[in-house]
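Work through the exercises below with the sequence and the model open beside you. Try each task before you read its solution.

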Amino acid sequence: MKYTTRATELLHITCPIIQAGMAGTVTTPDLVAAVSNAGGLGTLGAGYMRPEEIRKAIRDIREKTKKPFAVNLLITRSVQANEEDIRKAQELLEPIRSVLGIQSPNYAIAEEGYKEKLAVLIEEKIPVFSFAFDVLDLTELQALKSKGTKIIGTATNVREAKILANMGADLIVGQGSEAGGHRSTFLGTVESSMIGTMALIPQLVDALPHIPIIAAGGIMDGRGLAASLALGADAVQMGTAFLACTESGTHPVHQEAVLESGDQSTGLTRAFSGRYARGIENQFMTALQSVEHALPPYPIQNALTTDIRKEAAAQKNREYMSLWAGQASPMARKESAYDIVQRVVKEAYERMAIIHK
Ligand SMILES: Cc1cc2nc3c(=O)[nH]c(=O)nc-3n(C[C@H](O)[C@H](O)[C@H](O)COP(=O)(O)O)c2cc1C
């Protein structure tokens, strides 16, 4: 199955489906390669990987596919850690640590910049680079482009998309409020950029007719792909749809939570990381809901909760893990990544044929 758009031509792929880069354990080289081999664009979510791990994963992907793939980073600028805020946040996390039976570790802010990771991507001459949370510096953009790398930025409103376009992005992801994982908002408040995919995509298409827009948020099957194309998008980016697939490295408890979820299961929280993100609601989110506005910003809070998330995962305790997933999570299936890509394109054709009748 093939479907040609401006995005497929630019990215040298045959299906307008991008598997979202998902930082953490989800996007194994097997998953990335399977999506690319199916005609979509697999993406390595390298946001939390060390530079040398990223290099190894890229080489692994290249052994498994000759097709284009992407690597995704989270553009994080360093923030000053305020001792008093950290002490207060640790105090709020203490009852959760005691439930899990762990001690509060000595907190040391790790310098978790993206620049060393980006240097690896430039050296490795990757086909496509996607990013979220901010813009790139012009020198970084030029260094990537000089290696033939295509650039995909992420916007949650029209103003951000225009800035990414001026910066020189080749394609732009429009992240609707349904989306699983972190909000990518970098201009204004997250609350003012909770725009649904259906409302956001045509506004981005109208504002930037010369740049292919990629619809993200709530797209799980051919109906979502057909709808996105009808709204003027040139491709879709799907994250949640790949969480339970055979090749994903998603923790089994996270997969189970996604497969058992319902239409009202997800909520928005900044308690895990200091940045708003959508996930399946659990005790951790409920317990910190009333105080989450006072918690330190990303990536400080993310570092503070690392031990909790790790221990909860080791104990298979879903109540204290970050179970990132989008509003359409009940539609996720246990299926191979290859089948997801091919099925979604086939279903989109069927849906469009119904509309044309
Ligand atoms: C588990 C998970 C982790 C994610 N991590 C990232 C990430 O590291 N970088 C990024 O650009 N987007 C990330 N996202 C957001 C996706 O890029 C995309 O916006 C979202 O998955 C689309 O909505 P959907 O989940 O309904 O398909 C993540 C999403 C999920 C579900």
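Helices (H or I, at least four residues) and strands (E, at least two) are DSSP runs, numbered from the N terminus, and the expected span of a helix is 1.5 Å times one less than its number of residues. The model is predicted, so local features need pLDDT of at least 70 and side-chain atom pairs count only at pLDDT 80 or more, while totals for chains, interfaces and linings use all residues. Residues are numbered from 1 along each chain as its sequence is written, and side-chain values use heavy atoms, with hydrogens and water left out.

**Exercise 1.** Find what span helix α3 has, and determine which of its residues are buried.

*Solution.* Step one: helix α3 covers residues 51-64, which is 14 residues, and the distance from its first C-alpha to its last is 20 Å, close to the 20 Å expected.

Step two: apply the cut-offs for relative accessible area, where buried means under 20%, exposed over 50%, and partly exposed in between (1.4 Å probe, protein chains only). The buried residues of α3 are then P51, I54, R55, A57, I58 and I61. Seen down the axis of α3, these residues fall within an arc of 165 degrees (taken from the directions from the helix axis to the C-beta atoms), so they line one face of the helix. An α-helix has 3.6 residues a turn, so residues three or four places apart point the same way.

Step three: look at the other side of α3, where E52, K56 and E63 are exposed.

Step four: ask what covers the buried face, counting as contact any heavy atoms within 4.5 Å; the cover includes α2 (29-37), β2 (42-45), β3 (69-74) and α5 (115-123).

**Exercise 2.** Locate K125 and F133, and decide for each whether the residue is buried, exposed or partly exposed.

*Solution.* Step one: K125 is in the loop between α5 and β4 (128-132), and has a positive phi of about 50 degrees although it is not a glycine. At 48% relative accessibility, K125 is partly exposed.

Step two: F133 lies in the loop between β4 and α6 (138-146), with a positive phi of about 85 degrees, although F133 is not a glycine. F133 is buried, with a relative accessible area of 4%.
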